[in-house]
Amino acid sequence: MAVVHVTVWDDRDRTGEDRAPTASGAPVTPAAAAPALFVHNIFTWGSDSAYGFAGQRPLADRRRLLVVDRRGYGDSPDTARSDFDVDAEDIVEILGDGASAVGLGGAHLVGHGNGAVAALIAAARRPDLVRSLALIQPSAFTAAADHPVVADLLGRVRDGAPGIPDGVTPEQYLRASTEGLGMVMPEPTSRRLRAVATSMGERPIWEAEIPLEAIRDAALPVLVVCGTWEYAPAMYREHVGLPLMAVADSLTDSLGGRLLQVPGYYPHVQEPAAVNAALREFWG
């Protein structure tokens, strides 16, 4: 059993979706739709409405959704250092416990940002437990290192770009990362600040080695979702948006996937209807 917390959303009994018809009118049993597992980004947790997957709750009308809190986030236990490789192992364990148990050959896997990197690594390790892979603005910079914009970013961080100064509190860091870039800062609750503190200590994402060949060999269906970023604050778009868009293009090409572009810079939060519709179609 995985040590991390997983929120389970399943509204099929309430909606009556995915039920097999019967001629006699006898009680029916929900059909066994493959579940979907969601892995969040930084500053957040699985069910969060600000940056997490609260906007994807409507998808629970047709299948069970497993919404994980990575270590150090939400209701999961603390961790000395958040690490994408450890997260990937947790994902594999959840897939083995909760997804393959229904006998469907795995779950649909969805990851956002750093969570998408963990999802990629997990899918490469156990593709037999994954039905499809949806990547929302994946922070998989090392997988697109040949792109000039990404190469420039990696060069800056690897050459010793300034880190977080000593003494900076999670609230100060959250403010600098939001208001400092022209965005609205979410309420600095204790739950939010714990997530920010964990994010401040995460293993650098540019250390991730992403085995794309294993995913290609497994012929997993891949959907990449990316914002268009035209309305994002200029500094945020330049330093974050451009590299993320380059990664989205690169992964779509290298994995033979489909690219969905939606307005804004937080696709599943700002445009949940569009993203949810794409996921429904993608999952079939």
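At what angle do helix H5 and helix H6 pack, and how far apart are their axes? Helix H5 (residues 170-178) packs against helix H6 (residues 190-200) at about 80°, and their axes are 9 Å apart. H5 is therefore roughly perpendicular to H6 (a term for angles of 65 to 115 degrees). This is a predicted model, in which local features need pLDDT of at least 70 and side-chain atom pairs count only at pLDDT 80 or more, while totals for chains, interfaces and linings use all residues. Residues are numbered from 1 along each chain as its sequence is written, and side-chain values use heavy atoms, without hydrogens and water.

**Helix pair H5 and H6**
- Pro170, Glu171, Tyr173 and Leu174 in H5 meet Arg192, Leu193, Val196, Ala197 and Met200 in H6 (contact means heavy atoms within 4.5 Å).
- The residues of this contact comprise 7 nonpolar, no polar and 2 charged.

**The sheet**
- An open sheet of mixed pairing is formed by 7 strands in the order S1-S3-S2-S4-S5-S6-S7 (two strands pair if DSSP finds at least two bridges between them).
- Strand S1 (6-9) and strand S7 (258-262) are the edge strands, each pairing on one side only.
- On average, neighbouring strands of this sheet are turned by 20° against each other, direction ignored.
- Strand S4 (residues 107-112) pairs with strand S5 (residues 130-136) in the parallel sense over 6 bridges.
- Ala107 stands opposite Val130 in S5.

**Helices across the strands**
- Helix H3 (residues 114-125) lies across strand S2 (36-39), S4 and S5, and runs at about 145° to S4 (angles run from 0 to 180 degrees between N-to-C directions).
- Helix H8 (residues 234-254) lies across S5, strand S6 (222-227) and S7, and runs at about 160° to S6.

Technical notes. Helices (H or I, at least four residues) and strands (E, at least two) are DSSP runs, numbered from the N terminus. Angles under 35 degrees count as roughly parallel, over 145 as roughly antiparallel, 65 to 115 as roughly perpendicular and the rest as oblique. Ala, Val, Leu, Ile, Met, Phe, Trp, Tyr, Cys and Pro count as nonpolar, Asp, Glu, Lys and Arg as charged, and the others, Gly among them, as polar.
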